[in-house]
Amino acid sequence: MPSVRDLRDRIRSLKNTQQITKAMKQVAAAKIRRAEALQKQSRPYADAIGAMLRDLIANVGSIDHPFMKGGRGGAPGGVILMTADKGLAGSFNSNLIRAAEIHARENADLAWYAIGIKARNALRRQSRETLQFWPLAQGVMFDSAQELAHRVTDDFTEGRISSITLVSPKLVNMMTQRPEVRQIVPIAAEQTEKKPAQGSVEFEPSPEFVLGRLLPKYLEFTLYSAMLETNASFYAAQLVAMNNATDNAKKLIDENTVEMNKARQAAITKEILEIVGGAEALAG
Amino acid sequence: MANAVPFTLITPLSVKFDGQAELVIAVGTEGEVGILPSHAPYLTALRPGLLRANVQESGTTRRLELACSEGFLQALPGKITILADAALAPDEVDIAQARADLAAAQDEQKAAGGDLAAHARAQVKIDFANARLAVAGV
């Protein structure tokens, strides 16, 4: 049986851990509000660019843009793996990495892009070649998204990769984040279903030219909003993980306190017995 | 008071302007375009440049000037929408940063040589830096 002092030390250490997890929980709760606000701010842009794209596609006869056609055969498929920069968020990062691994098992020839330090490290551990890496830092997220979009666009149009697939978390709600694997280029036909043109829209200089400008922008924005979602999902996962950790620490503290009280009581009883025994021996 | 039309200027980071405009002048890839209310449906790509608009605010007309990066303009009879990567008001421009960006982009363009795509990319940066300096009144 551990001594009273051992138990007291253990409780103290547990309390310290609990304090840390509680602080991290509060930080995550604050950061998730910021992440959600950023997501909300980007929504009008998403709606507007989506509407413009639909208008354009309805008005263009034949869509002759590399993004709408299959990539060159023989080139590896490009995969963008998005994770957080940090851990301590339960199985958040490992779920994403596992989703990427499953995708890799089904598709032999792949080239990788990493967003988030955890993604880069995982790819390095699996000794997969990473073409380029960006951290998921909140301040420069839009710049990173633009750089990433330029890089994958160049690689795609020059035939170094044949498609672009994105592995990123989907924030279902605060408690659930699910990894999602989706192909973003070439753009799938059903995403751009034609609807009858609404009257005559004038394009300057031509619908094809504007579409050629809009599609890369759309890709840029898709990647940016995926990064925002990764960021928000990470903090949501961390909030849950830290909440559980705080609860578990509390449970352990309670158990150990009961144990310590028992040990202390046993020590006192033993001492009294010794004194009584000693006194009786003297009297006898 | 002149006719006005709902006008929104949206960047991925925020909605920069949402209100009524009498006139919007933007720099399209084919040159400057001025849009008045009741314009026929129209969609164009924008080059980085100075975006000017006469907007109505609490009963008076105000001149809005912003340095706009690449984007798109969509005009409908009852609505004008501009999408841009960034749009900066005069007090949001960091002049030293804009000057540094301009110099860097000019060097980049010189280094591009015969690479037309790199040349064009550098030109976009030069235009945006110039627009920022212009809007800040430098």
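A:Ile80 is in contact with A:Tyr113, A:Ile115, A:Ile164, A:Leu166 and A:Val167, when neighbours within four places in sequence are left aside. The model is a predicted one. A:Ile80 and A:Ile115 are also among the residues of the largest nonpolar core that touch the most other members.

**The largest nonpolar core**

- This core holds 99 residues.
- The residues that touch the most other members are A:Ile80, A:Leu81, A:Ile115, A:Met227 and B:Cys68.
- Helix α5 of chain A, residues 207-283, gives the most to the core, contributing 20 residues.
- Chain B takes part through both domain 1 (5-88) and domain 2 (94-135), each of which supplies at least three residues to the core.

**The contact between chain A and chain B**

- Chain A brings 22 residues to the contact, and chain B brings 19 residues.
- On the side of chain B that touches chain A, the elements giving two or more residues are β2 (15-28), β4 (42-46), β7 (71-76) and β8 (79-84) of chain B.
- Strand β4(B) provides the largest share of that side, namely four residues.
- By class, the side of chain B that touches chain A consists of 11 nonpolar, seven polar and one charged residues.

**Strand pairing across the chains**

- Strand β4(B) also pairs with strand β6 of chain A, residues 202-204, in the parallel sense and over three bridges.
- Within β4(B), B:Thr44 is the bridge partner of A:Glu204.

**The two domains of chain B**

- The domain assignment divides chain B into domain 1, residues 5-88, and domain 2, residues 94-135.
- The centres of domain 1 and domain 2 of chain B, taken over C-alpha atoms, are separated by 23 Å.
- Where these domains meet, domain 1 of chain B gives 11 residues to the contact and domain 2 of chain B gives seven residues.
- Strands β5 (49-57) and β6 (60-68) of chain B each supply at least two residues of the side of domain 1 that touches domain 2.
- Of the elements on that side of domain 1 of chain B, β6(B) gives the most, with four residues.
- The side of domain 1 of chain B that touches domain 2 of chain B comprises six nonpolar, two polar and three charged residues.

Terms used: Residues numbered from 1 in each chain as written. Chains lettered and ligands numbered in written order. Predicted model: local features only at pLDDT ≥ 70, side-chain atom pairs only at ≥ 80, totals over all residues. Core = buried A, V, L, I, M, F, W, Y, C linked by C-beta atoms within 7 Å. Buried ≥ 20, exposed ≤ 12 C-beta atoms within 10 Å, placed from the backbone. Domains from an automatic or database assignment. Contact = placed C-beta atoms within 7 Å. Nonpolar A, V, L, I, M, F, W, Y, C, P; charged D, E, K, R; others polar. Pairing = 2+ DSSP bridges.
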